[in-house]
2 protein chains.
Amino acid sequence: MVNVNGRSYAAPKQPTIVICVDGCEPDYIAQAVAAGLMPTMKRWLRDGTALVADCVVPSFTNPNNLSIVTGAPPSVHGICGNTLFDAASGAEVMMNDPKWLRAPTVLAALSDRGTRIAVVTAKDKLRRLLGHGMRGICFSSEKAGEVSEAENGIDAVLPLVGMPVPDVYSAELSEFVFAAGVKLLATQRPELMYLSTTDYVQHKHAPGDADANRFYAMFDRYLAEMDRAGAVVAVTADHGMNAKVKLDASPNVIYLQDLLDRWLGEAASRVILPITDPYVVHHGALGSFATVYLPPEAADYVGARLAAMAGIETVLPREAAATRFELPADRIGDLVVVSERSVVLGTGVARHDLSQLERPLRSHGGVSEQRVPLVLNRRIEGLEANRRWRNFDALDLALNRAQ
Amino acid sequence: MVNVNGRSYAAPKQPTIVICVDGCEPDYIAQAVAAGLMPTMKRWLRDGTALVADCVVPSFTNPNNLSIVTGAPPSVHGICGNTLFDAASGAEVMMNDPKWLRAPTVLAALSDRGTRIAVVTAKDKLRRLLGHGMRGICFSSEKAGEVSEAENGIDAVLPLVGMPVPDVYSAELSEFVFAAGVKLLATQRPELMYLSTTDYVQHKHAPGDADANRFYAMFDRYLAEMDRAGAVVAVTADHGMNAKVKLDASPNVIYLQDLLDRWLGEAASRVILPITDPYVVHHGALGSFATVYLPPEAADYVGARLAAMAGIETVLPREAAATRFELPADRIGDLVVVSERSVVLGTGVARHDLSQLERPLRSHGGVSEQRVPLVLNRRIEGLEANRRWRNFDALDLALNRAQ
């Protein structure tokens with residue numbers, strides 16, 4: 001057993017795979033199962049363990065992936081968004097660097113004890129965080145052509161997987177993760193694998209849509225292979241996904257920085273959208289969560305005024321937000337703002353490039369995207385009936401209770 | 001001007017049509033507009049008035065249709081569900097009889113002053129309530145073959161519309177309403193028309209689904225005809241619609257009566273599902289709202305225990321529920337229970353026939369289905385920016401502000 005962030009984990013007795021399906025609103029699985037396209041998942045739901053869990057808010061990729069691999073909320077691991085306002089430098093910075101990580105991962109702790117680990121992510125932005133302190137294999141689909149034994153614990157991924165490096169905006173970027181997982185399982189025999197995809201498909205297609213169903217049918221074929229290989233598999237997600245449009249299908253945006261500039265004067269406040277990363281084509285950096293840095297005397301006034309606006313679900317001051325959403329108080333603004341299911345938050349209307357949105361905006365970030373699947377291909381007896389499950393219980397269930 | 005339920009309404013100066021599209025989650029319109037299938041609606045959204053309003057909770061058909069035609073919530077008009085527990089008789093009764101109606105309709109008041117009115121509903125269950133106290137034309141698609149001048153203010157509807165009587169479970173039942181509206185407009189010159197459809201399509205198909213898009217494309221063709229005829233048209237809905245399934249696509253149900261029988265003993269409590277009506281094939285009488293009659297000493301205990309359950313959004317005692325949801329306190333139980341977006345409430349597992357659900361359950365009834373479109377083909381200047389719009393503002397906007 002290793003003890004990590006207050007929880008104990010047994011080393012895997014069987015090959016174990018935890019999969020984070022980016023943007024997997026539970027209804028994607030339901031509709032694909034109903035369409036007969038996920039026979040393996042259907043069997044797991046019947047014979048294994050089928051839970052719906054809460055992810056971390058902000059329901060974004062980085063905070064949730066780090067929660068899953070640390071077994072802890074952002075108040076512990078420190079990664080509370082894709083970006084952060086660094087008060088020291090006065091600049092908005094990406095939180096891709098492991099220097100922002102405040103807690104060890106379960107992966108690192110187990111690799112220290114000799115467990116053979118492999119991590120495959122779709123986008124490279126997550127790789128360094130997930131692989132921090134870990135020995136073993138760790139690479140992304142995006143940079144699968146540039147791996148090395150020294151940096152990634154493996155070389156020549158492309159011949160192994162038998163797929164070309166996919167476009168960063170494609171369903172294949174995620175398929176590559178699954179395909180690599182299956183090949184690694186057969187050839188490298190990792191004892192614990194963490195596979196994390198991208199939500200390109202989910203940002204574009206609603207549950208039940210033909211392209212969404214095609215993605216989940218593809219996913220199911222890989223699940224079947226993992227199952228046949230005898231692995232314990234846990235499937236969860238970093239966040240859900242909802243349509244975020246007005247009646248005319250244009251993005252339903254509240255531009256917070258524009259509002260605050262009007263209320264307080266230009267540049268008196270700073271709105272941070274922690275969804276922001278270098279890959280914003282499919283959502284225009286629009287999500288349902290923002291944090292706002294304000295002059296001290298303005299917080300109450302701005303908070304009350306925002307809370308009264310149509311489309312705003314919750315406004316909380318720093319400490320209350322840190323408590324409710326388990327966030328590091330020193331890394332969020334004076335206010336946390338969460339918008340409703342169909343509404344996203346922007347900075348200024350001039351600062352979002354929506355020209356490349358090909359379809360009606362779908363996005364995430366709010367409480368409305370907090371429900372995610374938590375499914376295992378093993379039945380776990382005696383599950384606590386009224387417990388609030390979290391996506392970051394995945395490793396605990398997979399390692400401690402499913403084998 | 002007539003004064004009805006505390007609000008004043010001008011008689012129409014131009015032909016005016018209010019349309020209640022049953023189960024019209026706003027995203028149905030957005031996805032159909034994005035697919036290029038609603039050119040008329042797209043133009044209205046740009047040049048007319050495009051609001052998203054709150055319907056009445058329980059987000060069911062009868063309470064909301066009556067709210068739209070009375071301009072008032074159920075606390076005023078008394079219709080708080082499709083069914084009611086009649087304490088006097090100790091039985092569950094349909095609220096289709098006008099004896100349950102506590103307020104006059106705007107339609108009746110205007111017809112008294114000589115306005116020519118026509119009402120067409122899909123299902124006959126609503127006809128008597130909507131037509132109560134009103135002179136003019138009032139019939140349903142369902143019984144379009146059985147109309148008479150004496151009962152319906154018109155005979156020979158079928159030759160006028162040129163469609164056969166549709167099946168009660170069909171998209172055509174709603175199309176018949178629109179087709180009849182257009183023909184009535186041309187031949188009978190009603191000054192005010194109320195058209196109310198059925199949510200057969202919405203219970204089966206998600207926004208953007210091919211069959212849903214086909215329905216809204218059909219709807220748009222009739223809107224174009226109404227527009228060309230010079231009518232002021234307001235489009236709203238009785239409630240939204242959401243998927244209500246587990247990961248395996250089976251209905252995600254909390255069976256309240258079974259729970260309460262276990263907690264309190266058989267028949268000590270009575271769970272009422274006000275969605276219940278004779279047409280339950282497409283939803284199995286499963287919605288996200290229930291009201292519960294309890295022994296007096298049990299309300300606090302049951303309320304707290306239900307509120308702690310996963311899937312339950314809100315539990316309120318009678319008076320608090322009556323205040324929050326504007327319901328008649330004497331017609332609801334000791335508790336009102338509202339479930340979450342993906343969850344429905346049932347009585348006992350043995351009492352719901354789900355065998356005829358052909359597709360994954362979609363339903364309504366909760367706060368999660370409260371958002372509905374409120375669109376007019378006329379621009380209204382000076383709309384209050386932060387007002388909470390209601391679907392029952394439709395007649396006020398159409399009669400008082402759009403002409």
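**Group meeting: two contact surfaces in a predicted model**

Let me start with one residue: A:Q31 comes out as buried, at a relative accessible area of 16%. The cut-off for buried is under 20%, so A:Q31 falls inside it. Before I go on, a reminder that this is a predicted model.

Okay, so where does A:Q31 sit? That residue is part of helix α1 of chain A. Leaving aside residues up to four places away in sequence, A:Q31 touches A:P207, A:G208 and A:N213 in chain A, and also B:A243 and B:P360 in chain B. Take A:N213 from that list: 182 residues separate A:Q31 and A:N213 along the chain, yet their C-alpha atoms are 7.6 Å apart.

Those chain B neighbours bring me to the interface between the chains. How many residues of chain A are in contact with chain B? On the chain A side we have 29, and they meet 29 residues of chain B. The size of an interface is often given as the accessible area lost when the parts come together. Here chain A and chain B bury about 1900 Å² between them, with 57% of that on carbon and sulfur atoms.

On the polar side of things, the interface of chain A and chain B has 4 salt bridges and 6 residue pairs in polar contact, both partners at pLDDT 80 or more. One salt bridge to look at joins the side chains of A:R371 and B:E340, at 2.5 Å from N to O. As for which elements of chain A are involved, those giving two or more residues to the side that touches chain B are α1 (26–34), β4 (49–54), β11 (242–243) and β19 (371–376). The largest share, 7 residues, comes from α1(A), and that's the helix where we found A:Q31. By class, this side of chain A splits into 18 nonpolar, 4 polar and 7 charged residues.

Now let's stay within chain A. The domain assignment gives domain 1, made of 2–241 + 365–401, and domain 2, which is 253–363. Their contact takes 43 residues from domain 1 of chain A and 33 from domain 2 of chain A. The C-alpha centres of the two domains lie 27 Å apart. Between them, domain 1 and domain 2 of chain A bury about 3400 Å², 55% of it on carbon and sulfur atoms.

The two domains of chain A share 5 salt bridges, and 14 residue pairs are in polar contact, again with both at pLDDT 80 or more. On the domain 1 side, α4 (74–77), β5 (83–86), β6 (91–94) and α10 (200–204) of chain A each give two or more residues. Of these, α10(A) has the largest share, with 4 residues. That side of domain 1 divides into 20 nonpolar, 12 polar and 11 charged residues.

Last stop: A:S140, in strand β8 (residues 137–140) of chain A. Buried or exposed? At 1% relative accessibility, A:S140 counts as buried. Its side chain makes a polar contact with the side chain of A:D124, at 2.7 Å. Beyond its sequence neighbours up to four places away, A:S140 touches A:T121, A:A122, A:K123, A:D124 and A:R127.

Definitions and conventions. Residues numbered from 1 in each chain as written. Chains lettered and ligands numbered in written order. Predicted model: local features only at pLDDT ≥ 70, side-chain atom pairs only at ≥ 80, totals over all residues. Heavy atoms only, no water. Domains from an automatic or database assignment. Contact = heavy atoms within 4.5 Å. Buried area = accessible area lost by both parts, 1.4 Å probe. Polar contact = N/O pair within 3.5 Å; in protein donor to acceptor, adjacent residues only side chain to side chain. Nonpolar A, V, L, I, M, F, W, Y, C, P; charged D, E, K, R; others polar. Buried < 20%, exposed > 50% of the residue type's maximum accessible area, 1.4 Å probe, protein only.
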